[in-house]
Amino acid sequence: MSNVLLDNTPLTKDAVHKSAVHKLAQLDINISVSYQQFNLDIKLPIPLNGITGIFGHSASGKSTLLRAIAGLEKNLVGEIKLANANVADKVLVNTEKGNYLKPEERQIGLVFQNSRLFEHLSVLGNLEYAVKRCKNRQLDLNKVIELTELTSLLEHQVNELSGGQQQRVALARAILAEPKLLLLDEPLSALDQHSKTQLLKMILTIQKKLDLPMLYVSHSLDELQQVCDTLLVLAQGKVVNFGNIHRVIHQLNNFGENPLIHQQTSLSLPIRQFNNGHGLAVLALNAQQDIYLTSNKAFENQTQLRCFILASDISIVLTEPSNSSIVNHLFGTIKQISNKQNKVLLTISCGTQDFFVTISAFSQQKLSLTSKQQVYLQFKASAVRTFIH
Amino acid sequence: MINSDLQALITTLEMAALTTIILLIIGTPLAWYLAKMTNRFKVIIEAIVALPLVLPPTVLGFYLLIAFSPEYLPGQLWQQATGKQLAFSFSAIVIGSVLYSLPFVVQPLQKAFEQLGDSLLEAGSLLGAGPIDRFFSIVLPLTKASFITAASLGFAHTVGEFGIILMIGGNIPGETRVLSIALFDHVEAFDYARAHLLAISLLIGSMILLAAIYWLNLPKKNRRQRLVVNTEQVEPNSYE
């Protein structure tokens with residue numbers, strides 16, 4: 001089955017590259033949704049490119065935002081439009097002008113947390129439901145079935161399937177409607193770890209093969225770090241941050257009293273060496289400095305690796321450690337020191353890359369660390385965490 | 001004459017069939033509306049629909065008799081449109097039956113629509129299905145059992161109607177003389193043999209109809225071996 005995921009044949013029947021014709025530029029959102037206990041206020045252009053993550057805790061408004069884009073949210077005031085460089089803007093909703101495009105007219109797909117399959121239809125029946133209603137069909141049903149690994153399940157009733165299988169049917173069905181934008185609302189949250197990994201790979205492959213822009217809602221930063229290039233963070237119905245995923249995560253390290261995430265350094269680095277002969281892989285941080293981590297044979301398919309290092313897993317040394325078992329030591333300059341009670345968050349730049357380190361106030365005092373001071377960071381190879389399990 | 005009983009049977013079946021069809025046509029949108037309704041008028045409409053369950057049929061029959069008579073507007077309008085009197089006609093007993101059997105059709109449908117919820121309809125709309133399409137491709141197949149129940153209960157209840165028909169239909173052979181009325185006639189005439197025949201036929205007929213409904217409503221799973229296939233788990237997996 002990996003062959004299907006790795007081969008580069010297009011999914012369309014006539015091998016026309018869809019994206020060239022229908023590429024969307026941007027989703028312009030300016031809406032507010034109010035309920036008694038909850039308000040969502042979002043004014044933001046979202047460039048539709050790859051997979052954009054939408055992160056936040058429960059009741060942050062993530063799902064409401066997706067429902068608004070899909071046309072399912074009734075309590076909405078404002079405007080949502082698809083702006084495209086070559087074509088006139090497509091207004092999805094504009095309450096001021098009284099424009100409202102029904103969900104069935106928006107060409108937007110949505111994969112729900114709870115598959116929402118039609119129980120009176122078989123797996124194939126569910127897929128055909130989407131195919132029959134799709135105008136200008138370009139996708140090859142069989143290729144999508146193969147890609148989502150549903151070949152052996154086609155005749156089954158949907159309530160006979162496991163959670164992971166149901167979500168694969170839901171994903172295949174959503175794609176077969178051939179939307180211009182796919183929304184994913186916590187698609188993995190009800191699944192076990194194995195199914196999660198499998199479905200995430202499928203989502204990534206499909207995104208690349210169809211060049212289909214996706215908005216991916218999750219409360220799990222872990223999931224989003226694996227697939228998203230851009231991250232939108234919501235809290236209490238407001239946009240907290242939006243931009244490159246690593247930059248956003250780094251900015252969240254300094255977020256208020258109750259941090260939304262574990263403080264960390266989030267990285268996406270080229271692989272210099274899969275295995276140095278001792279079971280360690282080597283990533284190129286910059287021309288001079290490398291990062292070592294535990295190797296995994298799954299790295300071999302990739303040139304770039306996403307990983308993160310928790311701020312609490314890095315320690316500070318004033319002189320270059322030469323007699324330590326800890327393999328990673330990087331030279332850097334302290335950029336920022338922020339104290340919170342007895343903990344200190346250090347931002348240390350190593351070349352162009354910032355690293356985040358938490359130490360105790362006691363250690364800071366003992367080493368008398370100050371801004372612009374040059375220090376060594378050290379962390380074990382096992383502290384560099386990847387998403388490959 | 002057994003012939004007159006046969007005619008009563010035909011009239012009864014015609015009335016019940018027509019009533020059921022009309023009830024499905026008006027009951028379905030009404031049940032849908034009630035299922036989706038959230039404002040306070042919902043309880044009032046629900047109460048009106050349920051009224052025939054508690055009201056003596058003669059009360060409803062009495063008001064309908066007045067309304068259908070040529071002295072009042074509904075009866076007048078009917079007479080102008082058709083040239084015939086509404087009261088004591090086949091049409092009158094069909095209208096009466098529709099009102100009288102309304103809750104038996106609306107309530108099971110409303111419950112089914114409420115249970116179905118919006119989630120699958122939302123999924124359907126995002127796959128490009130419009131409202132009519134969604135009704136026939138999602139709602140109808142998933143609430144089929146409730147439609148069968150509603151239609152059968154509406155039909156059976158109409159067959160068993162007595163008081164309201166006596167009030168607004170009278171006892172005109174071939175027009176408004178239905179089985180329950182014919183049975184009453186036989187008893188009044190002390191013709192117990194024919195009364196027995198009609199009574200036992202109605203009893204057995206109703207019994208068979210109800211048994212058929214319950215059988216049709218059995219979950220299909222009970223008749224079919226449940227197959228849990230999990231071949232995916234044993235497939236070699238290259239992601240690891």
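**Reading a two-chain predicted model**

Tutor: Let us begin with Asn86(A), which has a relative accessible area of 75% and therefore counts as exposed. Exposed means over 50% relative accessible area, buried means under 20%, and partly exposed lies in between, with a 1.4 Å probe and protein chains only. The model is predicted, with local features requiring pLDDT of at least 70 and side-chain atom pairs counting only at pLDDT 80 or more, whereas totals for chains, interfaces and linings use all residues. Residues are numbered from 1 along each chain as its sequence is written, chains are lettered from A and ligands numbered from 1 in the order in which they are written, and side-chain values use heavy atoms, with hydrogens and water left out.

Student: Where is Asn86(A) found in chain A?

Tutor: Asn86(A) belongs to the loop that links β4 (76–83) and β5 (90–94) of chain A. Helices (H or I, at least four residues) and strands (E, at least two) are DSSP runs, numbered from the N terminus.

Student: What does the radius of gyration say about chain A?

Tutor: The radius is taken over C-alpha atoms, and the globule rule is 2.2 Å times the number of residues to the power 0.38. For the 389 residues of chain A, a compact globule would have a value near 21 Å, and the 23 Å of chain A agrees with this. The C-alpha trace of chain A extends about 70 × 50 × 40 Å along its principal axes.

Student: Which share of the residues is buried in chain A, and which in chain B?

Tutor: In chain A, 54% of the 389 residues count as buried; in chain B, buried residues make up 40% of the 240 residues. Accessible areas come from the Shrake-Rupley method with a 1.4 Å probe, and for residues only the protein chains shown count as cover. Chain A has an accessible surface of about 17,700 Å², with 48% of it belonging to carbon and sulfur atoms. Chain B exposes about 13,200 Å², and carbon and sulfur atoms supply 70% of that area.

Student: How is chain A divided into domains?

Tutor: Domain bounds come from an automatic or database domain assignment. For chain A, the assignment gives domain 1 (2–252) and domain 2 (264–386). The centres of these two domains of chain A, taken over C-alpha atoms, are separated by 35 Å. Contact means heavy atoms within 4.5 Å, and 12 residues of domain 1 of chain A are in contact with 10 residues of domain 2 of chain A.

Student: Is Lys62(A) buried or exposed?

Tutor: Lys62(A) counts as buried because its relative accessibility is 6%. This residue lies in helix α3 (residues 62–70) of chain A. Leaving aside residues up to four places away in sequence, Lys62(A) touches several residues, including Glu186(A), His219(A) and Leu234(A). The C-alpha atoms of Lys62(A) and Leu234(A) are separated by 6.8 Å, although the two are 172 residues apart along the chain.

Student: Which residues does Glu104(A) touch?

Tutor: Not counting residues up to four places away in sequence, Glu104(A) touches Ser125(B), Gly128(B), Ala129(B), Gly130(B), Pro131(B) and Arg134(B). Glu104(A) sits in the loop between β6 (99–100) and β7 (108–111) of chain A, and with 15% relative accessibility Glu104(A) counts as buried.

Student: What is phi in Ala59(A) and in Glu149(A)?

Tutor: Most residues other than glycine have a negative phi. Ala59(A), however, has a positive phi of about 65° although it is not a glycine. Ala59(A) lies in the loop between β3 (51–55) and α3 of chain A and is exposed, its relative accessible area being 61%. Glu149(A) is another non-glycine residue with a positive phi, near 55°. Its place is the loop between α5 (141–147) and α6 (163–176) of chain A, and with a relative accessible area of 9% Glu149(A) is buried.
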